[in-house]
Each structure stands twice: as C-alpha cells, then as structure tokens.
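Reader: Could you walk me through how to read the features of a model like this one? I would like the general idea each time, and then the case at hand.

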Amino acid sequence: MIELYTWMTDNGYKARHMAEESGLPYVLKPVNLRNKEQFAPAFLKISPGHKIPAIVDTEGPGGQRITLCESGAILKYLGEKSATGLYPSDPVRRVAVDQWLFYGSATFTTLAQQFGHWVIRTTEDVPPAKKHYEAVLHDMLATLDGHLATNDYMAGGYSVADIAIYADVHVHGTKDIGLALFPNVKRWHDAIAARPAVVRAWTPY
Ligand SMILES: N[C@@H](CCC(=O)N[C@@H](CS)C(=O)NCC(=O)O)C(=O)O
C-alpha cells in the first residue's frame, strides 16, 4: 500500500495527480503545513527536509518498505511502478521525459514559487523582486509556449513531464497572470485539466 503525505500546494498536487493517474491504490495522509505538521518527528523520518510531498510504499522493490520525498522522484517511482507508460521504458523517450521532468521540478516550480512569494503572497512591497519574478515567470511560460507550438505534450505523449509542470501553470499561469499570451500552453493546460484523474487529484480535502 502507498501512503501519500501531502498538502494542497503545487508540489503536493503534483504527487496526488500522479497517484491518481497511476491507478495504484493509495491512502492520502494530509500534512497540514499551516499547523507545522511537517516538523513532526515521525514525518521527518520520511522527509528529512520537512517538505511534502512524500510517500511510504509498504511493498516497494523486492517487497521492501521504502520512503521517498521530492516530487520529481515520486512521479518517476509511481510511473515505473504502475507501468502506465507515464514514465516510458524506451530509453530515447526517457531522455526527453527526464529533461522536462527535471525542468518542471528544478526550474519551473522552484522559480514559480518565488513568483508566488514575492508577487502574490508577501505583505512587503519589494518592487525589484516583483519585477524580476514576473519577468522570470513570463519567460518560462514563453519557453513552454514555444515548445508546445509544435508538440502536443512536453515529451512525446502525455507523461510525468507534463505532470511536473502542470501544477504551477494551473496555479500561477491560469489564475495569477492569465494565459492569453500563451495559447499553446492554454491548449495543453485545458487538455490536462479535463482528465478525470486531474479533477479527482485537485479536489480539496
Ligand atoms: N523540491 C521539492 C520541494 C517541495 C516543497 O517545496 N514543499 C513545500 C510545499 S510546496 C513544503 O513542504 N514546505 C514546507 C516547509 O518547507 O517547511 C519537491 O519537488 O518535492
């Protein structure tokens, strides 16, 4: 059984999105960040950096119990375990999926979170930070839009690469700055948003 430790944030939704797409049975274990539950000693054994999402798989490789944090690693793990093709076995396709999976986890979300902090959430007005992260988010959406102009999905067919990028496009692209300037991202976003697994994954709890 897979236990999914998560909360209603971009990275948290990525893992739940993947859990729903994988078709694997899982149990949702909310970690309320507002109540600082990520610092509970039991959770730190699963995610030493006090971050959601994280999983415990009581039937991991070789029947061993495993713990895993980092959304990108979780997407890859559940993709491999479910054999859904969302993390493809073909080595050539994997190169492209890995590139955009890492772009989503390491670049896009990390910088989008800074946009969220400096432009949307902070009560302090810091104009250079605001200007910088607005430009960064526009630049990243333009990068995605250029790629999606000639590709239906980020790396061949729908994959973990799309799942790694979708959450912050949904949160910041559609809600905070709009996708009018990025029609290819909008088409891609709306196709993913309509998937039953995504509707289930983004249901608040
Ligand atoms: N690189 C990590 C980032 C995870 C992350 O930033 N988690 C945030 C919520 S989106 C969190 O748990 N913050 C609580 C904390 O840092 O105490 C991943 O992709 O999973």
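Author: Gladly, and let us begin with helices. Helices (H or I, at least four residues) and strands (E, at least two) are DSSP runs, numbered from the N terminus. The expected span of a helix is 1.5 Å times one less than its number of residues. This is a predicted model, in which local features need pLDDT of at least 70, side-chain atom pairs count only at pLDDT 80 or more, and totals for chains, interfaces and linings use all residues. Residues are numbered from 1 along each chain as its sequence is written.

Reader: How many residues does helix α6 have, and what is its reach from first C-alpha to last?

Author: Helix α6 (residues 160-177) has 18 residues and reaches 24 Å, close to the 26 Å expected.

Reader: Where does α6 bend?

Author: A bend at a residue is the angle between axes fitted to the seven residues ending there and the seven starting there. In α6 the bend is about 40°, at valine 169. After the helix comes glycine 178, with a positive phi near 80°.

Reader: Which residues of α6 are buried, and what covers them?

Author: A residue is buried if 20 or more other C-beta atoms lie within 10 Å of its own, exposed if 12 or fewer, and partly exposed in between, with C-beta atoms placed from the backbone. The buried residues of α6 include Val160, Ile163, Tyr166, Val169 and His172. For packing, two residues are in contact if their C-beta atoms, placed from the backbone, lie within 7 Å. The cover over the buried residues of α6 includes α1, α3, α4 (91-121), α5 (127-148) and α7 (183-193).

Reader: Why is α1 described as largely enclosed?

Author: Because twelve of its 13 residues are buried, α1 is largely enclosed by the rest of the structure. Among the buried ones are Asn11, Tyr13, Arg16 and Met18. They pack against β1 (2-6), β2 (26-30), α3, α4, α6 and α8 (196-201). The end C-alpha atoms of α1 are 18 Å apart, in agreement with the 18 Å that its 13 residues should span.

Reader: Which residues are closest to the ligand?

Author: A residue is near a molecule or strand if its C-beta atom, placed from the backbone, lies within 6 Å of it. Here 14 residues surround the ligand, and the closest are Thr9, Asn11, Lys51, Ile52 and Ser71. Helices α1 (10-22) and α3 (71-82) each supply at least two residues of that shell, and α1 gives the most, with three.

Reader: How is the chain divided into domains?

Author: Domain bounds come from an automatic or database domain assignment. The protein chain is divided into domain 1 (2-86) and domain 2 (91-197). Their centres, taken over C-alpha atoms, are separated by 21 Å. Across the boundary, 14 residues of domain 1 are in contact with 13 residues of domain 2. On the domain 1 side, α1 and α3 are the elements giving two or more residues, and the largest share, eight residues, comes from α1.

Reader: What should I look for in the backbone angles?

Author: Most residues other than glycine have a negative phi, and most peptide bonds are trans. Here the bond from isoleucine 52 to proline 53 is cis, with omega near 0°. Proline 53 is in the loop between α2 (41-44) and β3 (54-57). Histidine 50 lies in the loop between α2 and β3 too, and has a positive phi near 50°. Glutamate 70, in the loop between β4 (66-69) and α3, has a positive phi near 80°.
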